[in-house]
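Subject: Structure handover

Hello,

Please find the structure below, followed by notes on what was found in it. The notes start with one residue and then move to the rest of the chain.

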Amino acid sequence: DMGVVTPSPDFETFNSLRGQLLLATPTLHDGTFDHSVILIAEHTEKHGAVGTIINHPIGTTVGKLVSQLKQSPLSEIPVMRGGPVATEHLTFSSLCWDPKNH
């Protein structure tokens, strides 16, 4: 008789990964996520995770894709392939390092 197995408290607690970076393992060879760094934009227990690939440049800039931003300070920002879902959207992300948190 093994008795009743109770999950640890950590197992039952949902920890959101929002704002974290997810790094693909070097052995991943699926085409989409090869060598990817993914910014987790949203992560909830109910809806799962949404992220954006932030290190696969497509060879163009924001100003070349969006004519309204040609004169904007954003115009020279390189555009990354964020897919594989919702590739028709342009999403802006800003990252900063806070040494107090690490």
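Ser-93 lies in the segment that follows strand E5 (78–80); helices (H or I, at least four residues) and strands (E, at least two) are DSSP runs, numbered from the N terminus. With a relative accessibility of 43%, Ser-93 counts as partly exposed; buried means under 20% relative accessible area, exposed over 50%, and partly exposed in between (1.4 Å probe, protein chains only). Thr-52 is 41 residues away from Ser-93 along the chain, and the C-alpha atoms of the two are separated by 9.1 Å.

Some background on the model. This is a predicted model, in which local features need pLDDT of at least 70 and side-chain atom pairs count only at pLDDT 80 or more, while totals for chains, interfaces and linings use all residues. Residues are numbered from 1 along each chain as its sequence is written, and side-chain values use heavy atoms, with hydrogens and water left out.

The chain as a whole

The chain has two helices and five strands. Read from the N terminus, the order of these elements is α-β-β-β-β-α-β. The chain has 102 residues, and 16% of them count as buried. Its accessible surface is about 8,400 Å², with 58% of that belonging to carbon and sulfur atoms; accessible areas come from the Shrake-Rupley method with a 1.4 Å probe, and for residues only the protein chains shown count as cover. Among contacts (heavy atoms within 4.5 Å) with a separation of 6 or more, 28% are between residues 24 or more positions apart.

The sheet

Three strands form an open sheet in the order E1-E2-E3, and the pairing is antiparallel. E1 and strand E3 (48–53) are the edge strands, each pairing on one side only. From one strand to the next, the twist averages 40°; axes are lines fitted to C-alpha atoms, for helices over the stretch in contact, and angles run from 0 to 180 degrees between N-to-C directions. Two strands pair if DSSP finds at least two bridges between them, and the antiparallel strands E2 and E3 are joined by six. Among these, Thr-44 has Gly-48 in E3 as its bridge partner, and His-43 has Ala-49 in E3. E2 and E3 make a hairpin, with three residues between them.

The loop between E1 and E2

Two residues in this loop were looked at. Ser-36 sits in the loop between strand E1 (21–23) and strand E2 (37–44). Its relative accessibility is 2%, so Ser-36 counts as buried. Leaving aside residues up to four places away in sequence, Ser-36 touches Leu-22, Leu-23, Ala-24, Ile-53, Asn-55 and His-56. His-35 is also placed in the loop between E1 and E2, but at 58% relative accessibility His-35 counts as exposed. The phi of His-35 is near 55°, a positive value in a residue other than glycine. Most residues other than glycine have a negative phi.

A nonpolar patch

Which residues form a nonpolar patch on the surface? They are Ile-58, Leu-65, Leu-74, Ile-77, Leu-90 and Phe-92, and together they have about 500 Å² of accessible area. Patches are made of residues with over 30% relative accessible area and no salt bridge, where like charges are joined within 9 Å and nonpolar side chains (Val, Leu, Ile, Met, Phe, Trp, Tyr) within 5 Å. A salt bridge is a side-chain nitrogen of Lys or Arg within 4 Å of a carboxyl oxygen of Asp or Glu. Ile-58, one of the patch residues, is in strand E4 (residues 57–61). Ile-58 is partly exposed, with a relative accessible area of 46%.

Regards
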